[in-house]
Amino acid sequence: MLIFSRVKDRDIMRLGRGYALIFALIAMLPLTLASAYYNITAINTTLILNASTGGRITETYSLFISNSSISQYEASRGAYNYSISDWQSILNTPLLSEHILNTRTGASNVTFLPSALILTSQGGAADLIISYYVYNVTTVNEIAPRQFLYTFNDSVLNFAHTASGQELGPSQRFNILIPKGSRLVSIYPLPDLPPASATGSYTNVTLFSWYSQEPLNSFSFSYITEQSPQQEVLSYFNGIYKNDRQLIYLLGVVILGVFIAYVYLKFVVPE
């Protein structure tokens with residue numbers, strides 16, 4: 001009985017050690033999974049405005065990638081049909097989004113460009129560049145012959161929401177690029193770059209930047225562009241073409257038909 005008791009005690013001890021090892025492995029599993037992650041270290045959003053009321057947006061996400069996620073990132077670089085939601089799922093973050101967005105028309109021509117990975121001792125670094133186009137970013141009014149006032153539509157801003165309104169997140173930057181030769185009318189809040197001149201103006205400036213945690217709840221931005229006489233003539237005829245496209249096509253068909261009839265009667269039909 002004593003021998004049996006000792007054997008039984010050893011089996012129980014071994015079984016206990018086995019359970020302890022299993023529980024230890026289970027406890028370590030979250031730590032192992034946690035080592036596989038992505039981290040967005042900086043976000044740079046640039047809005048390029050042009051003669052239309054839309055805007056081209058380029059967003060650069062600077063990424064830190066852990067060693068265990070490198071293979072997944074490399075595999076994702078080769079995918080051409082990924083969407084915003086796909087990349088949100090891969091990076092496991094809601095920070096990845098379109099920060100300039102018209103909720104009625106959405107974004108169009110969305111493209112993704114994941115950069116090559118730069119390896120470090122802890123993992124790797126890369127940039128995920130997203131480019132897209134958004135309509136009705138500005139409204140435009142002709143205020144004088146060949147002069148047009150563009151006013152930014154602040155409803156397209158889609159940055160972090162706080163109790164006091166939207167604001168840029170930490171390590172986040174927002175840039176607006178206006179056409180060369182434009183004249184700034186109003187801007188609020190004042191940009192972090194460039195600084196205003198001694199007179200408080202921004203003469204010949206086309207790029208304006210706001211840095212991290214800048215409040216955007218009362219954001220306003222407007223500027224004036226002036227057309228050259230040549231641009232005015234081209235715009236006039238472009239307007240005629242857009243408004244009377246069907247009439248122009250019909251007139252072209254009629255002229256072509258008259259020409260064909262003339263050639264046929266003149267050279268084909270015998271006298």
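A: Happy to! Keep in mind that this is a predicted model. Let's begin with T225, which is placed in strand β13, covering residues 220-226.

Q: Nice. Is T225 buried or exposed?
A: T225 is buried: its relative accessible area is 15%, and the cut-off for buried is under 20%.

Q: And what does T225 touch, leaving out residues up to four places away in sequence?
A: With those set aside, T225 touches R146, Q147, F148, Y150 and S182.

Q: Let's zoom out. How many helices and strands does the chain have?
A: The chain has five helices and 13 strands.

Q: What share of the residues is buried?
A: Of the 271 residues in the chain, 28% are buried. As for surface, the chain exposes about 17,500 Å², with 61% of that supplied by carbon and sulfur atoms.

Q: What about contacts between residues at least 6 apart in sequence?
A: Of those contacts, 68% join residues at least 24 apart.

Q: Switching topic: where does N67 lie?
A: N67 is in the loop between β2 (55-66) and α2 (70-77). With 48% relative accessibility, N67 counts as partly exposed.

Q: Which residues is N67 in contact with, beyond its neighbours within four places in sequence?
A: Those are S121, Q122 and G123. There's a polar detail too: a polar atom of the N67 side chain lies 3.3 Å from the backbone oxygen of Q122.

Q: And how far apart are the C-alpha atoms of N67 and G124?
A: They are separated by 7.1 Å, while N67 and G124 are 57 residues apart along the chain.

Methods: Residues numbered from 1 in each chain as written. Predicted model: local features only at pLDDT ≥ 70, side-chain atom pairs only at ≥ 80, totals over all residues. Heavy atoms only, no water. Helix = DSSP H or I, 4+ residues; strand = E, 2+ residues; numbered from the N terminus. Buried < 20%, exposed > 50% of the residue type's maximum accessible area, 1.4 Å probe, protein only. Contact = heavy atoms within 4.5 Å. Areas by Shrake-Rupley, 256 points an atom, 1.4 Å probe, with all protein chains shown as cover. Polar contact = N/O pair within 3.5 Å; in protein donor to acceptor, adjacent residues only side chain to side chain.
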